[in-house]
Amino acid sequence: MVREAIDGIPEKNVPRVLWAGAGFLFLMVCQSGLRYVWRMYLMGTSHRIARGLRLDLYNHLQNLPLARYQTIRTGDLMSRATNDIQAIREAVGPGVLITVDAIISFLIFVPVMLYLSVKLTILALLFAPLVPWITTTVGDRIDRLFESMQVKMSNISAFTQETFGGIRLIKSLVLENRVRQRFFDLSEEYQEEGIRMASCEARFTPSLTVLTHLGLFMILIVGGMDVINGAITVGTFVAFQRFVVQLSWPMEAIGWAVTMSREGVAAHRRLQQILGIPQVTSVRTPAVERKEAPLLEINHLHHAYESNGDGDHFGLKLSHLKVHEGQKIGVVGPVGAGKSTLFNLIVRLYEPPEETVFFEGKDVASIPLVELRRKISTVEQQVFLFSEKVTTNIELGMPGSVDGQEARKVIRTVCMEDEIEELHDKYDTYLGERGVNLSGGQKQRLALARALIRKPRLLLLDDAFSAVDVEIERRILRNLLTEYPDLTLIFASHRLSIMPSLDEIWILDKGKLVAKGHHQQLLQSVSLYGALWQTSERSLESRKDSLEADSIL
Ligand code: ADP
């Protein structure tokens, strides 16, 4: 159209010039319309892809084995879930868009240029073969630099998350200056890598532009001579110039597209490092039911944690243990004896070997995790409550809503009725960051209420009353026995005050069962139990003394 208009000028051919102008306008409108459509389509798709990836990552993370979470830093994960997914989105959105744009421009411009002049087309594209060489070389460097930048950003994110997670400790030990300096160092490392990346990118796009401009230079000289010699018209010459100038956009665009796609590839690799970790399989072996089996049976259970290379690491070895329906079992032993490990293996937070832990006559490995954890509830010493209402915290983990009567029953059992009545909005009071903060003992009792409302068949209490008063602990146990007579209970505790009321006590030491039996029997025959009992009683006495001293003061 440009050629038509220019060549019409010396002829003073007004219709030719006007038609060419109208055609030009029409083509511009078509180009803009098409660009709008594919931009919308590609950008929308990139957002859908990012959302899909985010969901995949989140679901995957929820199903990793417990041991894996100990090796992954939360801040690092947050960085991957945000920055890396954003980089992938840019590669599949703007990155693909620019590539498609560049390819279409080439496919349209080059044939028209060939039609106008084969010789000039060859000259204009003389340096184009250098493009793949430059893009691959620089692309590899961008890939490496970007991955290193993302690792450094992950370090910043993990450090920030850890420092604010442990802000109480930082303030109490006056570590503010130390963490500030560390944060400064990490930020500087990231900045240095960012500057390296910027200088790499800064050389990349202009070097591609130089190649197109070299083409333009050839056209000016050779095309100019052709016009002088009458080989081509001025219109063809000007039209050709326009094409070459327009080609410089796709050439620059290749630079951006390569940068974004290589960044996307590096980000995807980082995401795959997480997505590649095998998930916990809900059912590991086919179910075989043993008739008339006890509720829980442990059979030659051996478990060792992954060694960290120091040789002497903990191993749990239990030959044969049974828990019948309705039994109340106590588990005692020094710190590190393996009580929590045993509980974690029963609910498969750590995977026990096959045919070693049986629940309701079935190997736990054959029971779907949802079913297993619905029937067995665990309350741990460290309690996590959400910044939600009291009722929401109690109802957690219950499919559907819980009726008020049931909620009151569990609260009565854990002796918290009066305390909740005293709260500002009673059962609707918000806890945690958005509301009141409960004491350690109250949190533990609320966690017990949360476990009880699920009506488990087996309740595992792992030092769950460590912050609860002995008197309240006794009352709770009494309530448990009257309100839930059929409940089977395994109660691990470093405080032995309620052991005399339990049906059987297992004594663990260094991962092995030392003895089992009733309180009186163990007190007379097992020295370790005697020693643990003495320590527990002594700590109770000293606690009573300090309470009395407090009241006198
Ligand atoms: P207890 O509950 O009786 O205090 P645990 O079962 O928590 O004992 O721990 C038993 C031993 O296993 C300890 O020596 C502890 O250091 C080790 N241990 C616990 N959890 C892990 C883990 N995730 N990785 C490696 N060792 C662990």
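Student: Leaving aside its neighbours within four places in sequence, which residues is histidine 519 in contact with?

Tutor: Contact means heavy atoms within 4.5 Å. Histidine 519 touches Met499, Pro500, Ile505, Tyr529 and Trp533 in that way. A word on the source: this is a predicted model, where local features need pLDDT of at least 70, side-chain atom pairs count only at pLDDT 80 or more, and totals for chains, interfaces and linings use all residues. Residues are numbered from 1 along each chain as its sequence is written, and side-chain values use heavy atoms, with hydrogens and water left out.

Student: Is histidine 519 buried or exposed?

Tutor: Buried means under 20% relative accessible area, exposed over 50%, and partly exposed in between (1.4 Å probe, protein chains only). Histidine 519 counts as buried because its relative accessibility is 8%.

Student: Which helix holds histidine 519?

Tutor: Helices are DSSP runs (H or I, at least four residues), numbered from the N terminus. Histidine 519 lies in α17, residues 519-525. Glycine 330 is 189 residues away in sequence, yet 9.7 Å away in space, C-alpha to C-alpha.

Student: Which residues of helix α1 are buried?

Tutor: An α-helix has 3.6 residues a turn, so residues three or four places apart point the same way. In α1 (residues 2-11), the buried ones are Ala5, Asp7 and Gly8. They pack against α2 (14-62) and α9 (234-275). Lysine 12 follows α1, with a positive phi near 55°.

Student: Where is aspartate 185 found?

Tutor: Aspartate 185 belongs to helix α8, residues 176-229. Aspartate 185 counts as partly exposed because its relative accessibility is 30%.

Note on methods
Helix = DSSP H or I, 4+ residues; strand = E, 2+ residues; numbered from the N terminus.
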